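Open the model in a viewer and keep the selection tool at hand. The stops below each begin with something to select.

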Amino acid sequence: MGTFQEMKSLAGLVFVMDDDDAVRNLVVLMLKRFGLEVESFACGEDLLVRYNAGMPLPDLMLLDIQVGAGMGGEECLQKLHDLGSRIPAIAMTGMAGQGGSCPEACGFSGYLGKPFTITDLHAVVDRQFNRE
């Protein structure tokens, strides 16, 4: 899968949480180019408010692990699990391979190491949408 034109279209709702506006907006743009609906949040608290609002829930979440101000991805995912959520979540982190906690051990379905390409993003999202 080399070019964007070769990537298959996807369908579903994805939540993206990242405190960096530029990263968040770029991820949203890429996901929309894949055909996905996207809602974005600057911190875990905002995502939890939306989750509890009684509106349609996402098929997948992309959560930034380390957030400068507010709740990061690990804590947010734990709170979602406490609420009974089993929505798959991908950790987005600039700390991949640098020690610390393993995203899978924290309940994440996988991770994207920052920086990542549109091809990396499509592969991880496609894998989640096509799990058995």
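Select Thr93 and the residues around it: leaving aside neighbours up to four places away in sequence, Thr93 touches Ile65, Tyr111, Leu112, Gly113 and Lys114. This is a predicted model. Thr93 belongs to strand S4, residues 89-93. Its relative accessibility is 8%, so Thr93 counts as buried.

**The whole chain**

Zoom out and colour by secondary structure. The protein has 4 helices and 5 strands, and from the N terminus the elements follow the order β-α-β-α-β-α-β-β-α. Of the 132 residues, 42% count as buried. Now consider contacts between residues at least 6 apart in sequence: 68% of these join residues at least 24 apart.

**Strand S3**

Next select residues 60-64, which form strand S3. How many of the residues of S3 are buried? The count is 5 of the 5, so the strand is largely enclosed by the rest of the structure. In a regular strand the side chains alternate between the two faces of the sheet. Show the side chains here: Leu60, Leu62 and Asp64 are on one side, Met61 and Leu63 are on the other, and both faces are covered.

S1 and S3 pair in the parallel sense over 4 bridges, and Val16 stands opposite Leu62 of S3.

**An aromatic pair**

Show the aromatic rings. The structure holds 1 aromatic pair. A pair of aromatic rings is described by the distance of the centres and the angle of the planes. Select Phe15 and Phe41: the ring centres are 5.1 Å apart and the planes are at 65°, so the pair is edge-to-face. Phe15 is in strand S1 (residues 13-17) and Phe41 in strand S2 (residues 37-41), so the pair ties together parts that are 26 residues apart in sequence. Both Phe15 and Phe41 are buried.

**Helix H4 and Leu121**

Move to residues 118-129, helix H4, and pick out Leu121 in it. Is Leu121 buried or exposed? Its relative accessibility is 0%, so Leu121 counts as buried. Not counting residues up to four places away in sequence, Leu121 touches Val27, Met30, Leu31, Phe34, Leu62, Leu112 and Phe116. For a distance to check in the viewer, take Leu121 and Tyr111: they are 10 residues apart in sequence, and their C-alpha atoms are 9.8 Å apart.

Now show the rest of the helix. The 12 residues of H4 should span 16 Å at 1.5 Å a residue, and the end C-alpha atoms are 16 Å apart, which agrees. Which residues of H4 are buried? They are Leu121, His122, Val124, Val125, Asp126 and Gln128. An α-helix has 3.6 residues a turn, so residues three or four places apart point the same way. The buried residues of H4 are covered by elements including H1, S3, S4 and strand S5 (110-113).

**The nonpolar cores**

In soluble globular proteins, nonpolar side chains tend to be buried together. The largest nonpolar core here has 20 residues. Select Val16, Val27, Leu31, Leu36, Leu62, Leu121 and Val125, which have the most contacts inside this core. At least two residues of the core come from each of S1, helix H1 (21-33), S3, S4 and H4. H1 supplies the largest share, 4 residues. Another core lies apart from this one: it has 18 residues, and Met61, Met71, Cys76 and Leu80 are among them.

**A cis peptide bond**

Finish at Pro115, in the loop between S5 and H4. Most residues other than glycine have a negative phi, and most peptide bonds are trans. What is the peptide bond from Lys114 to Pro115? It is cis, with omega near -5°. Lys114 also leads back to the opening selection, being one of the residues that Thr93 touches.

Notes
Residues numbered from 1 in each chain as written. Predicted model: local features only at pLDDT ≥ 70, side-chain atom pairs only at ≥ 80, totals over all residues. Heavy atoms only, no water. Buried < 20%, exposed > 50% of the residue type's maximum accessible area, 1.4 Å probe, protein only. Contact = heavy atoms within 4.5 Å. Phe/Tyr/Trp six-rings, centres within 6.5 Å; stacked < 30°, edge-to-face > 60°. Pairing = 2+ DSSP bridges. Core = buried A, V, L, I, M, F, W, Y, C linked by side-chain atoms within 4.5 Å. Expected span 1.5 Å × (residues − 1).
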